Amino acid sequence: MESLGTMVTDRPTMTVVAGRMVGDLPACRLRRVTQYIQDNLHRKLRLGELSAHVHMSPYHFARLFKRSTGVPPHRFLVRHRIDEACALLAARKVPIAEIARSVGFRTPSHFTTTFRRVTGMTPSAYRNSSAQIAPPDRSSHPTFF
């Protein structure tokens, strides 16, 4: 008689079918939902909305999304919001509170807390550090119109 531990470790968790691992989110659905996230960073996105966009139950979607990307949907969403905020902060044209709203945070304080947790610095410190990096000298490169 086999022990439960032996049965669990001996069974394959995923198999390869048609060039992808069974148990992953299909590539077309992954592309569709990541594009949807990118297009709607400014809004509040719920797991149910993301899963409905690819016609799946929320639990099943979250499990397959994490298996496919290595991170849960919420962490993926937060990371994309912070990446977009970094690009806007580097441009130095928009106030931080407006950047926070434009990438989907309700309050500047929540944005600052999340930004610090993800990047290790505050948005204003990030903006100041990106300002000290000089843009490349374009005078030596030809300009094409």
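1. Helices (H or I, at least four residues) are DSSP runs and are numbered from the N terminus, and the names below follow that scheme. The model is predicted, so that local features need pLDDT of at least 70 and side-chain atom pairs count only at pLDDT 80 or more, while totals for chains, interfaces and linings use all residues. Residues are numbered from 1 along each chain as its sequence is written, and side-chain values use heavy atoms, with hydrogens and water left out.

2. H5 gives the most to the lining of the largest pocket, namely seven residues, and helix H3 (47-53), helix H5 (73-91) and helix H7 (108-119) each supply at least two. A pocket is here an open set of points on a 1 Å grid over the protein atoms alone, where a 1.4 Å probe fits, with protein on both sides within 12 Å along at least five of seven lines, and lining residues have an atom within 4 Å of a point.

3. The volume of this largest pocket is about 490 Å³, a volume being the space filled by probe spheres set on the points, which are joined across faces, edges and corners. Its lining comprises 22 residues, and Leu 45, His 74, Leu 77, Val 78 and Arg 81 lie nearest the centre. By class, eight of the lining residues are nonpolar, five polar and nine charged, where Ala, Val, Leu, Ile, Met, Phe, Trp, Tyr, Cys and Pro count as nonpolar, Asp, Glu, Lys and Arg as charged, and the others, Gly among them, as polar.

4. Helix H2 (residues 27-39) and helix H4 (residues 58-69) have axes that come within 11 Å and cross at roughly 95°; axes are lines fitted to C-alpha atoms, for helices over the stretch in contact, and angles run from 0 to 180 degrees between N-to-C directions. H2 and H4 are therefore roughly perpendicular to each other, a term for angles of 65 to 115 degrees, with those under 35 roughly parallel, those over 145 roughly antiparallel and the rest oblique. Leu 30, Val 33 and Thr 34 of H2 make the contact with Phe 61, Phe 65, Ser 68 and Thr 69 of H4, contact meaning heavy atoms within 4.5 Å. This contact of H2 with H4 holds four nonpolar, three polar and no charged residues.

5. With axes 10 Å apart, H5 and H7 pack at an angle of about 100°, and they are therefore roughly perpendicular to each other. The residues of the contact of H5 with H7 are eight nonpolar, two polar and one charged.
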